[in-house]
Amino acid sequence: MDADGSKGVPLQGGDFRLTCLNGFGDGWNHYAHSMAWFRGKIYVGTSRAQLAALRLAGQRKGVRPWPIESPDDIYDIDRRAQIWEYTPETDEWRLAYRSPVVHGNNGRDDVPSYIGFRGMAVIQDTSDAEPCLYISSWSPHTAHSPDVLRTVDGVTYAAIARPPFGAAVRTCRALEYFDGRAHLSPTASGTKKGFNQDISSEAVIYGCADMGRGEWVPVNEEGFGNKANGTVFELVQFNGHLYGGTVNPVTGTEIWKTKGGKPPYTWTKVLDCGAGRGRLNEGSGSMCVFKGALYVGCGIINGGYHRAAKIGPAAAEMIRIWPDDSWDLIAGEARHTPWGLKFPLSGMGPGMDSLFNGYFWRLCEHQGWLYAGTFSWAMMIPYMAVNRWPEDMLTLLRRWGDQEFVARFGGAELWRSPDGVHWQPVTRNGFGNKFNWGIRNIVSTPHGLFVATANPFGPKVAVKREGRWQYVPNPRGGCEVWLGSTAADALPVQPQ
Amino acid sequence: MITPTPIYLLAAPFSGASVLAGILGQHPALYAVPELNLFLADTVGELLEIFALGQGGHAHGLLRALAEIDFGGQTDEGVAASQRWLETQAAQPTAAVLQHLAHRVSPRRLVVPDAESPLRPMDLQRLRSATPQINTIHLLRHPWSQGVLLADWARGRLFVPQDFKDHARRPPVLDPQIAWLRAEQNLDALFAARAPLLRFRGEQLDDDFVAAAQSLCAALGLKADASALVAMAHQAQWRFAGHGPRSAPYGLEPEALETFRPAALDLAAQPTLTTPLPWRDDGLGFAPEVRRRAEAYGYC
């Protein structure tokens, strides 16, 4: 073991190999939106055609041409979300589940029940004879309310009883088992007027003591009593408490904790006002316990630029919270706060010194090292009107041109640290694929560290050839799953 | 011949590291160079990439040092030759460049000022890993004096590094105490593992130059005879004093290259920990964390 307490060999970029690419052979599998290690296999839930849906929703004005070829009718795309299963011993992927279709409230018979699977957790609940895989879904507003699916064996999937969601709730994300109950919180809303993938119509955490029998109940007051808390975005247990982080576009994220007990729980506020950064820390998007502290990725929803609320663009921050509620700034902007003078202990600014890193999307411990994966919007630059950008950014762009720029800076970043203070990059360019704009999931397993990406640049991407834009098939568009391992990980793993 | 272990002068920005390097560099047993910024990266190739990305003069100190030591002097031609040489070393660890310079100036002992690494723990870790037996001098300056000088330098500048600002305000406002605290806290973490040869308050040079120079020499095991002390008093004659050639003019901290307004110098010479800070418009004083640490260093 090293002096800093890390016991494993840190992974370098070269330790990672690609286990699948091109969205499992279907470029419309844009996001590997959820991932879990279950019964000796890795499971990945996809979300489909996000970038096509964003175009139709008109949420990204000024983007031209649209980065991918996408039809005017979303139903021209098969948006049935998928779950894929990987067996490390045979290096094989299998399509384990595909969303059914239902009769939608738009009169169509081909409305997918689920267009995405946004969360996964392995839980052994009261009625479960063994640990089961639970999957939270994303349903279009033309279908039904979102479900939580359950599988015992990775083969058969069935929806369990839903929480009493409001009609506008479209998805939930976090699934956290704590103090004898499963917990989840809605994280998107949608109606025929439009949708928001990161803000729900209710800021409620639901708890259920036995998912086999239903009975989901709210365990917190709506928004923890603050109407500005639009959503409880992430949940995690730490130090005998359940922690919840909010999206708050008015004053910045709040983080609350509870010891549990009888619902509704008593909650204590840990911090507010975006940890003193205000709206630029609008939400808490990722949480991970590491060496006695809770690490939290904070930032602005919608990739670091919440246009509707006029927040950003700005890169994400990382903080860590100690059991006594004191906290450190790990990467971000130095500032005076009600909690004292804070400066980035890592010496790095927001987004690990990159404006493009809008999120720390996932944090994960693996063999004594903390890994942090980002979302980067750098790959959008060729499609954006940049003439009004700050001069220093334009200088860089002019120096290289946008294609060279994204070749150097396009793609998400993965960082590692043995102590939360000393950070080194594993990759700064999406493992060499500029289309991997996000490290969406990271899961530690006995076989190594699985890293799954968000990559919406398929099936056909806009490229400029001889001065003209055209859509061409993108063999590296669609989510990818990478496996990082060292010689130590290659040792035989005992079957579970 | 054994190459003497280099000495690093580690300090918060605007704490006098470049000035002290000029003083020590005049001692006949020492050879001081500008700031090298070697430990921004693990390898020379990565370092060159970072230099190319930056719009400041981070490469200038290293280029000037190599030009002077290896390529015929601090000229544009020497700088170009230094750049080409570095490119041939792309696969080498940055520590190898430090060893190269230390060997080239041997038997004199290499002295490197560094007011950048203290802001970044990863850079300090690289420094410690590269030279486990590194000898360091922890150079201190009162946060008031440091802040007044930094604020005077920053006055009217279009670009001031984000590290020197308080981002609680929009737009962010200058507040040098943040960088001071950050650097000093990082250095104390470094020195917890291996204590510095000397913790030296730069104000000692103003109070009694000869006594301060003698104490520096004693800590470094150097002769402090009259000729050495006279040489040290003439730091303006240091081979790296002032600007370098057109292609690499910087490499020293601004306070070693530019002049401050007399009023700023007067104000910097009246340190206090208890009054509102002159560079802020909101009446804020030093943060309690800054005051505590400054007092621990003997400042009041």
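Tutor: Let us begin with contacts in chain B: among those between residues at least 6 apart in sequence, 75% join residues at least 24 apart. Two residues are in contact if their C-beta atoms, placed from the backbone, lie within 7 Å. Please note that this is a predicted model, in which local features need pLDDT of at least 70 and side-chain atom pairs count only at pLDDT 80 or more, whereas totals for chains, interfaces and linings use all residues. Residues are numbered from 1 along each chain as its sequence is written, while chains are lettered from A and ligands numbered from 1 in the order in which they are written.

Student: How many helices and strands are there in chain B?

Tutor: Helices (H or I, at least four residues) and strands (E, at least two) are DSSP runs, numbered from the N terminus. Chain B has 14 helices and seven strands. Its radius of gyration is 19 Å, close to the 19 Å from the globule rule for 300 residues, so chain B is as compact as a globular protein of that length. That radius is taken over C-alpha atoms, and the rule is 2.2 Å times the number of residues to the power 0.38. The C-alpha trace of chain B spans about 55 × 45 × 40 Å along its principal axes.

Student: What is the order of the strands in the open sheet of chain B?

Tutor: Strands of a sheet pair through backbone hydrogen bonds, either parallel or antiparallel. Here, two strands pair if DSSP finds at least two bridges between them. The open sheet of chain B has five strands in the order E2-E3-E1-E4-E7, with parallel pairing. Strand E2 (30–32) and strand E7 (198–201) of chain B each have a single partner strand, so each edge strand has one side without a neighbour in the sheet. From one strand to the next, the twist averages 25°. E2(B) is joined to strand E3 (residues 109–114) of chain B by three bridges, and B:Ala32 stands opposite B:Val111 in E3(B).

Student: At what angle do helix H3 and helix H4 of chain B pack?

Tutor: Axes are lines fitted to C-alpha atoms, for helices over the stretch in contact, and angles run from 0 to 180 degrees between N-to-C directions. Helix H3 (residues 60–70) and helix H4 (residues 76–88) of chain B pack at about 105°, their axes being 8 Å apart. H3(B) and H4(B) are therefore roughly perpendicular, a term for angles of 65 to 115 degrees. Residues making the contact include B:Leu63 and B:Leu66 of H3(B), and B:Val79 and B:Trp85 of H4(B). By class, the contact has six nonpolar, three polar and one charged. Ala, Val, Leu, Ile, Met, Phe, Trp, Tyr, Cys and Pro count as nonpolar, Asp, Glu, Lys and Arg as charged, and the others, Gly among them, as polar.

Student: Which strands of chain A form a hairpin?

Tutor: Strand E10 (residues 148–151) of chain A runs antiparallel to strand E9 (residues 132–138), with four bridges between them. Two bridges join E10(A) to strand E11 (residues 158–159) of chain A, also antiparallel. E10(A) and E11(A) form the hairpin, with six residues between them, and A:Gly154 in the turn has a positive phi of about 80°. A:Arg150 has A:Ala158 in E11(A) as its bridge partner.

Definitions and conventions. Angles under 35 degrees count as roughly parallel, over 145 as roughly antiparallel, 65 to 115 as roughly perpendicular and the rest as oblique.
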